[in-house]
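Please look through the sequence and the model shown below before reading on.

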Amino acid sequence: MKVLAVSGSLRKGSSNTALLLAAKRIANDPLQITLADPLDRIPHFNPDLDTDSPPREVIQWRRELKEADAILFSSPEYAFAIPGVLKNALDWIVSSAELYGKPVGLINASPGYGGASKAQEAFLHLLNVLTVKINDDCVLSIPSVNKKVDPEGNIMDEQTEKELRNCLASLERLIQDSKLS
């Protein structure tokens, strides 16, 4: 079960990228988690370029999404929303529908006490528009993340590790269910 892990952060030492590294480390077989390349490789969305021959980087992004059995997003919150680089990457797949019916896991983490809850609300709305398969057990909000995971993806909080394991187990079940249907 191939899972593409996509970080909404470009920052070195990003807690959200660290959470994806942690997920990769603790994932049980048969989940195989691969981190996507940073999203700043994708050009700014332009509907005039969203044709049968989009930019090379967009073709690659779409292929990565299509080839994965599931996607695991982890994103911070900027100004109560998802980061622009992530929104841009998702704008490129609205018309091509690579996420249609695809199992998705969502982690939002913040050093603040809100756990990026406003971004999570906006992200869930966007995922609904993209028609993904997601359930409440695949959605995780982590407040004070800088006290719970280090930049290398080592989880320092037992409850956070338990929640991340539960999220991954639920994502695995969604993948199994989607393969049966």
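Helices (H or I, at least four residues) and strands (E, at least two) are DSSP runs, numbered from the N terminus. In these terms, Pro30 lies in the loop between α1 and β2, and the peptide bond that leads from Asp29 to Pro30 is cis, with omega near 15 degrees. This is a predicted model, in which local features need pLDDT of at least 70 and side-chain atom pairs count only at pLDDT 80 or more, while totals for chains, interfaces and linings use all residues. Residues are numbered from 1 along each chain as its sequence is written, and side-chain values use heavy atoms, with hydrogens and water left out.

**Helix α1**

- The helix α1 has 12 residues and reaches 16 Å from its first C-alpha to its last, close to the 16 Å expected at 1.5 Å a residue (the expected span being 1.5 Å times one less than the number of residues).
- At the start of α1, a side-chain oxygen of Ser14 comes to within 3.1 Å of the backbone nitrogen of Asn16.
- The buried residues of α1 are Ser15, Asn16, Ala18, Leu19, Leu20, Ala22, Ala23 and Ile26, where buried means under 20% relative accessible area, exposed over 50%, and partly exposed in between (1.4 Å probe, protein chains only).
- Among the elements that cover these buried residues of α1 are β1, β2, β3, β4 (104–109), β5 (139–142) and α5 (158–180), with cover counted by contact, that is, heavy atoms within 4.5 Å.

**Helix α5**

- The 23 residues of α5 should span 33 Å at 1.5 Å a residue, and this agrees with its end C-alpha atoms, which are 33 Å apart.
- In α5 the buried residues are Thr160, Leu164, Cys167, Leu168, Ser170, Leu171, Glu172, Leu174, Ile175 and Ser178, and what covers them includes β1, α1, β2, β3, β4 and β5.

**Two buried strand residues**

- Ser74 is found in strand β3 (residues 70–75), and Ser74 is buried, with a relative accessible area of 0%.
- The side chains of Ser74 and Asn16 are joined by a polar contact of 2.9 Å; a polar contact is a pair of N or O atoms within 3.5 Å, and within protein one must be able to donate a hydrogen and the other to accept it, while residues adjacent in sequence count only if both atoms are side-chain atoms.
- Leaving aside residues up to four places away in sequence, Ser74 touches Val6, Ser7, Gly8, Asn16, Leu19, Leu20 and Ile107.
- Val6 has its place in strand β1 and counts as buried at 1% relative accessibility.
- Residues up to four places away in sequence again not counted, Val6 touches Leu20, Ala36, Leu39, Trp61, Ile71, Leu72, Phe73, Ser74 and Leu86.
- Val6 and Leu65 are 59 residues apart in sequence, and their C-alpha atoms are 9.9 Å apart in space.

**Positive phi in loops**

- Ala97, in the loop between α3 (84–91) and β4, has a positive phi of about 60 degrees although it is not a glycine, and Ala97 is partly exposed, with a relative accessible area of 39%.
- Ser144, in the loop between β5 and α5, has a phi near 50 degrees, a positive value in a residue other than glycine.
- Ser144 is buried, with a relative accessible area of 11%, and, not counting residues up to four places away in sequence, Ser144 touches Ser110, Pro111, Gly112 and Tyr113.

**Pockets**

- On a 1 Å grid over the protein atoms alone, a cavity is a set of points where a 1.4 Å probe fits but cannot get out, and a pocket is an open set with protein on both sides within 12 Å along at least five of seven lines; lining residues have an atom within 4 Å of a point.
- The largest pocket holds about 240 Å³ of space, where a volume is the space filled by probe spheres set on the points, and grid points are joined across faces, edges and corners.
- The largest pocket is lined by 19 residues, of which Ser7, Ser9, Arg11, Thr17 and Pro38 lie nearest its centre, and the elements that give two or more residues to this lining are β1 (2–7) and α1 (15–26).
- The second largest pocket holds about 150 Å³ of space, and its lining residues include Lys2, Gln32, Asp37 and Glu64.
- At least two residues of the lining of the second largest pocket come from each of β1, β2 (32–35) and α2 (56–67).
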